[in-house]
Amino acid sequence: MAHRVTLIPGDGTGPELITATRRVLEATGVAFDWDIREAGADVMERYGTPLPEEVLDSIRANKVALKGPITTPVGTGFRSVNVAIRKALDLYANLRPARTMQGIPVCHENVDVVIVRENTEGLYAGIEHDVIPNEAAESIRIITRRATERIVRFAFEYAKANDRRQVTAVHKANILKATDGLFLRVAYEVAEQYPDIEFNDRIVDNMCMQLVQRPREYDVMVMPNLFGDIVSDLASGLVGGLGVAPGANYGADLAVFEPVHGSAPKYTSQNKVNPTATILSGALMLHHLGERQAAMRVQSAVAAIIAQGRYVTYDLKPSRDDPSAVGTQEMADAITAAL
Ligand code: NAD
């Protein structure tokens with residue numbers, strides 16, 4: 001039977017990345033019944049909102065979605081559609097694996113880390129206001145026992161299911177004593193229930209330095225929302241950049257798969273950006289759908305094309321203006337052929 005999946009192309013480079021990914025996923029032989037739904041800046045005019053309720057209803061009904069990136073205006077304008085989807089559907093866990101691949105020049109070989117980011121609260125609670133317009137503003141950072149318990153438990157369960165040896169809690173409890181103090185205490189409480197997995201903690205600034213210098217010492221890292229956002233971009237930089245960094249958002253029974261990167265709007269409709277991050281997000285989705293063999297085939301095909309280094313986009317070439325770089329669709333063609 002075909003898997004019914006909500007497909008959100010997004011905006012900016014999203015639609016071209018989703019087209020490329022869809023072709024690769026379909027080439028595995030797994031059958032999909034795509035329920036295509038529009039969201040983002042482009043639908044504002046038609047629906048009066050960048051996130052029509054029917055998009056959320058579709059994800060609720062199908063329980064799985066593949067999503068392209070969606071632009072959020074900076075400083076003013078509508079709130080992030082990406083954050084709104086995660087919050088409305090209580091997709092509390094954002095999983096962002098970062099792994100080196102042969103063929104991508106990096107500072108450290110054999111990096112294999114996973115960022116587990118809390119997705120529903122922290123500074124992304126969106127509670128902020130002007131105190132004195134143009135003079136002072138404040139933002140409220142929420143940390144709760146409930147959200148911390150479930151995200152730390154998610155990190156340990158992920159570690160257990162995937163033969164990971166260590167979980168690190170990342171925080172700023174030395175300064176944010178109430179919020180991150182609570183996060184850290186709860187993390188230690190949950191860790192006691194998993195005696196077979198090593199547990200430690202790092203202050204977020206030190207964590208960034210350690211990741212740049214000694215990334216192989218780390219494995220699964222769990223952290224509040226904003227730290228997860230920042231540290232996962234750092235981790236993607238360690239393994240070749242945003243073009244190769246996949247992601248997944250999980251709730252109790254829903255899941256939305258999307259790359260770590262944003263809409264890269266300056267490259268829209270240029271057939272230029274790397275489809276790997278979205279394709280590997282698709283592989284995470286195949287895994288979630290129980291299509292493990294197909295997931296592994298997609299990962300191997302991507303790895304083979306990147307290792308060969310011929311049919312890859314500009315960001316994976318030694319120089320960014322390398323004339324031998326191929327476009328988004330051509331890289332997807334090569335991956336499809338490798339399947
Ligand atoms: P971005 O991730 O879109 O792009 C930053 C840079 O990373 C690009 O200029 C490019 O050099 C590189 N990059 C990104 N994706 C790439 C790819 N597939 N291949 C090769 N290189 C790639 O970040 P930004 O410019 O800060 O944000 C643009 C918009 O995206 C903003 O509106 C932001 O809010 C939004 N955003 C959306 C999501 C999401 O949809 N989940 C995530 C992050 C940012």
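The model is predicted: local features need pLDDT of at least 70, side-chain atom pairs count only at pLDDT 80 or more, and totals for chains, interfaces and linings use all residues. Residues are numbered from 1 along each chain as its sequence is written, and side-chain values use heavy atoms, with hydrogens and water left out.

**Ligand site**

- The ligand has 22 residues around it, and Ile70, Thr72, Gly262, Ala264 and Asn274 come nearest; a residue is counted if one of its heavy atoms lies within 4 Å.
- By class, this shell holds nine nonpolar, eight polar and five charged residues. Nonpolar covers Ala, Val, Leu, Ile, Met, Phe, Trp, Tyr, Cys and Pro, charged covers Asp, Glu, Lys and Arg, and the others, Gly among them, are polar.
- A polar backbone atom of Gly262 is 2.6 Å from an oxygen atom of the ligand, and a polar backbone atom of Ser263 is 3.0 Å from a ligand oxygen atom.
- Asn82 places a polar side-chain atom 2.9 Å from an oxygen atom of the ligand.
- On its own the ligand has 810 Å² of accessible area, of which the protein covers 72% (Shrake-Rupley method, 1.4 Å probe).

**Gly122**

- Gly122 is found in strand β6, residues 122–132; strands are DSSP runs of E with at least two residues, and helices are runs of H or I with at least four, numbered from the N terminus.
- Gly122 has a relative accessible area of 2% and is therefore buried (under 20%, with a 1.4 Å probe and protein chains only).
- Leaving aside residues up to four places away in sequence, Gly122 touches Ile140, Arg141, Ile142 and Ile143 (heavy atoms within 4.5 Å).
- The C-alpha atoms of Gly122 and Ala88 are separated by 16 Å, and the two residues are 34 residues apart along the chain.

**Aromatic pairs**

- The whole structure has eight aromatic pairs. Rings of Phe, Tyr and Trp (its six-membered ring) pair if their centres lie within 6.5 Å; planes under 30 degrees apart are stacked, over 60 edge-to-face and the rest tilted.
- Phe156 and Tyr194 are stacked, because their ring centres are 4.7 Å apart and their planes at 10 degrees.
- That pair links helix α5 (residues 145–161), which holds Phe156, to the loop between α6 (179–191) and β9 (198–203), which holds Tyr194.
- Phe156 is buried at 0% relative accessibility, and Tyr194 is buried at 8%.
- Phe156 and Phe199 have ring centres 5.7 Å apart and planes at 45 degrees, so this pair is tilted.
- Phe199 lies in strand β9, 43 residues from Phe156, and is buried with a relative accessible area of 18%.
- Ring pairs also link Tyr92, Phe154, Tyr250 and Phe257 into a cluster.

Notes: A polar contact is a pair of N or O atoms within 3.5 Å; within protein, one must be able to donate a hydrogen and the other to accept it, and residues adjacent in sequence count only if both atoms are side-chain atoms. Buried means under 20% relative accessible area, exposed over 50%, partly exposed in between (1.4 Å probe, protein chains only).
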